[in-house]
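Colleague: I would like to go through this model feature by feature. Please give the general idea each time, then the case at hand.

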Amino acid sequence: MRQPSLTARRVAAVSVSLVVAAGAAACGPEDNDAKASGGDSAPHQGGTLTILNRNPQQDFDPARLYTSGGGKVPTLVFRTLTTRNRENGAPGTEVVPDLATDTGRPNKDATEWTYTLKEGLKYEDGTAITSADIKYGIERSFAPELSGGAPYLRDWLVGAADYQGPYKDSKGLAAIETPDSRTIVFHLNKPEGEFPYLATQTQFAPVPKAKDTGTKYEEHPVSSGPYKVVKNENDGERLTLERNTYWSAKTDAERKAYPDKIDVRSGLDSSVINQRLSASQGADATAITTDTNLGPAELAKVSGDKELAARVGTGHFGYTDYIAFNPNVKPFDDIRVRQAISYAVDRSSVVNAAGGSSLAEAATTYLPNQKSFGYEPYDLFPAGSTGNAAKARELLKQAGHPNGLTITLTHSNSQDFETSPEIATAIQDALKKAGITVKLQGLEDNDYSDTIHDVKTEPGFFLAHWGADWPSGGPFLAPIFDGRQIVKDGANFNTGFLNDKSVNAEIDAINKLTDLDAAAKRWGALDKKIGAQALTVPLFHPVYKRLYGEDIRNIVISDWDGVLDPSQVAVK
Amino acid sequence: MSEAVTKAAAEAVIAAQAPGTDPASVPGASGARQFWRRLRAQRAALVAAVVVALLVLVALAAPLLTALEGQDPTTYHPSLIDSARGGVPVGPLGGIGGDHWLGVEPQTGRDLFARLVHGARVSLGVALAATIIQIAIGVTLGIAAALGSRWVDQLLSRITDIFVALPLMIMSLALLAIVPAGFPRPVLVTLVIGLLSWGNIAKVVRAQTLTLKGLDHVSAARLSGWGTWRIARRELLPGLAAPVITYAALLVPQNITVEAALSFLGVGVKPPTPSWGQMLTAADVWYQAAPQYLLLPAGALFVTVLALTVLGDGVRTALDPRAASRLRVGTGRRREHRADTAGEKETSS
């Protein structure tokens, strides 16, 4: 039911982008030829792309960045072994080779991965990129002073658990071999069929040992991508990138790199960013944002203006907002109570509270509604669009609550339209019809996230959300439902305390698969199996509306991260 | 000087200065008439009084008014909003019509008129209750400091200074964040505002009490053997009424803005209970797409605070003896007033 509408939306977004590009060409004073030919929408090289962001490009060191698919701005400077597919019209959730010639060659049980580098790869200073540089780049990320990256490498590489980085231990990691300057082999302590996804992260970018300046490397990291850092002010608040003349499009199928210069300005308020993009004055006409989307009120304003509405791109990102239960807290220990709440939820009012049908899609599955996650549509406790109060009352009666229930819903006070008071109030209103009185407990954002991720303070009934590091079922399901990942001291994400032997075994079995399509199918089936436990009530998958300047063309929004890809856009 | 006065003379002084005889500062039975006469003379204050009366009436009658409209403040109306456009209300002017007199709220479709009038209950209720707490604490501590021993005065005055210096908003935020969720929120907000910001009124009362203490009728009462409590009640409180009522009239609008600010910051009353400050928080991003959503609570807050402030100023003018004497200079006028009050006394008796 949702899939067709999704496709329709995507088609609409593409056609919109074509119309816009044509419109922009017609308006552009410099494109006289284009005007004469009736609208040339083809992108051209040159010009300056401005990126208006909220968050600065802090710690712009490949060892310290925590990215999905190589990041947005980082991907302009750092190439990695593999990267995300960005071809317009393609699914956009697939891993493709970047520095390597393929996405990796596994051994039989996926515990050993071999990559070969392409020929003719160069840094910004013209020196050759070698496999030893990639090994060194990964080793650096283990140094305590260069923390910030994802924890997978430490968990997966053989003998890496206590490694302290190349500054303290010059012998390096034995788990990474470089038999020659173009080959690199990784030895893992367990089967990981999704290793190619991990190899998209910036920790897999080459770092020349001779140029490594430790914690100061972030001021001027050596570029392997189409742009190099010319200026980095205030720890990434303003970043100026210019063309890296040694980068060659022949070795890089994913990055188009049309603009000559990129000016990243951050520390802006989201309303300011959207205001500036809609006004498109001066340099803002060739501006995009890689971390801000339209809020409900902004969408209402933009959609009422044809010119602005044509400048909005739609993005999806594997993400789910849901209600979580702690089955150790009464009455949520009773599955019938959890099921009753699943039936009573009014998803249409929740979607409206999240910004309406253009900004959220109702969810009945925990996995995001994208093929790469292994999405298998299911609705185990059909609530319809507005909730099934009668069925909920019946279940509550069976559970020994014939006169209804009074429960407390914990949420955050941040205005994010995800775990915020608006969503909580919509749920409160819907459950009222089923005889459930909901009291709201709003916590400050930091307090909220500490409270729900600590086994000692975890509330019984709260709003939560989850997004994966890459578009696959593994990083989406394992941290939340693998019983061996319950953390007693520290941040615990298995908030439903599920420790089911058959679930744990299936997670291990899927991790062995190197056929990612086959793995996706099994993740989808596993999601449905876990869904029967009613440990969560999936609410919605957010949709992102991205506004861009009036002279921007070649708009590509991949479903990997749902963001306008700065490596694809052109300003001429 | 009072030491020389005999007991009989003291009684005489008390009789002379008894409540009701000083028209400038004492609102006895006839003083009240005097006060109303002066208040009525100020047109702005009169208009403000009517507005405040209406607001209080609306707040008290909120359930009746919403029943008349056929709506309530919490029901969602998904059919009245355009979900695909971020949840903006369908129809012109935010969906204003016969069913929804002031339109509906974006994203939920809840009735704005119902939310506004129910919000008035929270805003006015919290502000008035907090003012009563502030007055009670301020007057008690002010009088105690003025009448107590030097040691008591020092202690109470320093405590008062601390409360005057407290940054109200920051303290309120901190307190509201740590109190358990189960505590009824409007009561909590009332207590926090009431218990934190009574310092200034205590200072005013202490100063006024010290002045009154030196007056002949108080000295006479003391000489005639009255206890401290009786003196405070019979001789001091009537004299304190003017400054206290004036101060209270100005505290109410101040408390309304504090409540709105706390709700705006997300620590005030909890959803779905509406309050103006909370409506403002939700509405601030909608100022372009649905302007009436922001203008309604902002306008209500503005009118209420303005009316209460003007009324407070009017009350002050009508009660403040110095302002009064500035207006009516000369003994001739004074005698005239006395004649007036005497006449009123006669008619009322």
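Modeller: We take the sheets, then the helix packing, the core and the contact between the chains.

Colleague: What should I know about the numbering and the model before starting?

Modeller: Residues are numbered from 1 along each chain as its sequence is written, and chains are lettered from A and ligands numbered from 1 in the order in which they are written. The model is predicted: local features need pLDDT of at least 70, side-chain atom pairs count only at pLDDT 80 or more, and totals for chains, interfaces and linings use all residues.

Colleague: What is the order of strands in the open sheet of 5 strands in chain A?

Modeller: Strands of a sheet pair through backbone hydrogen bonds, either parallel or antiparallel. Helices (H or I, at least four residues) and strands (E, at least two) are DSSP runs, numbered from the N terminus, and two strands pair if DSSP finds at least two bridges between them. Here the order is 8-9-10-1-11 in chain A, and the pairing is mixed. Strand 8 and strand 11 (287–288) of chain A stand at the edges with a single partner strand each, so one side of each has no neighbour in the sheet.

Colleague: Which strands of this sheet run antiparallel, and over how many bridges?

Modeller: Strand 8 (residues 227–233) and strand 9 (residues 238–243) of chain A run antiparallel and are joined by 6 bridges. A:Lys231 has A:Thr240 in strand 9 as its bridge partner. The two strands form a hairpin with 4 residues between them, and A:Asn234 in the turn has a positive phi of about 50°. Strand 9 also pairs with strand 10 (residues 261–265) of chain A in the antiparallel sense, over 5 bridges. There the bridge partner of A:Arg238 is A:Arg265.

Colleague: Where does the parallel pairing come in?

Modeller: Strand 1 (residues 48–52) of chain A pairs with strand 10 of chain A in the parallel sense over 5 bridges. A:Thr50 has A:Asp263 in strand 10 as its bridge partner.

Colleague: How is the open sheet of 4 strands in chain A arranged?

Modeller: Its order is 4-5-7-6, with antiparallel pairing. Strand 4 (105–106) and strand 6 (176–177) of chain A are the edge strands, each pairing on one side only. Strand 5 (residues 112–116) and strand 7 (residues 183–187) of chain A are joined by 5 bridges, and A:Tyr115 stands opposite A:Ile184 in strand 7. Helix 4 (residues 131–140) of chain A packs on the sheet, touching strand 6 and strand 7 of chain A, and its direction makes about 35° with that of strand 7.

Colleague: How do helix 5 and helix 6 of chain B pack?

Modeller: Axes are lines fitted to C-alpha atoms, for helices over the stretch in contact, and angles run from 0 to 180 degrees between N-to-C directions. Helix 5 (residues 112–147) and helix 6 (residues 150–165) of chain B pack at about 145°, with their axes 7 Å apart. Two residues are in contact if their C-beta atoms, placed from the backbone, lie within 7 Å. B:Leu141, B:Ala144 and B:Ala145 in helix 5 meet residues of helix 6 including B:Val152, B:Leu156 and B:Thr160.

Colleague: Is A:Thr495 buried or exposed?

Modeller: A residue is buried if 20 or more other C-beta atoms lie within 10 Å of its own, exposed if 12 or fewer, and partly exposed in between, with C-beta atoms placed from the backbone. A:Thr495 is buried, because 23 other C-beta atoms lie within 10 Å. The residue is in the loop between helix 15 (473–481) and helix 16 (501–512) of chain A. Not counting residues up to four places away in sequence, A:Thr495 touches A:Ala324, A:Asn326, A:Ile452, A:Glu458 and A:Ala464.

Colleague: Which residues touch the most other members of the largest nonpolar core?

Modeller: A nonpolar core is a set of buried Ala, Val, Leu, Ile, Met, Phe, Trp, Tyr and Cys residues joined through C-beta atoms within 7 Å. Of the 215 residues in the largest one, A:Ala340, A:Ala344, A:Val350, A:Ile427 and B:Leu311 touch the most other members. Helix 5 of chain B gives the largest share of this core, 17 residues.
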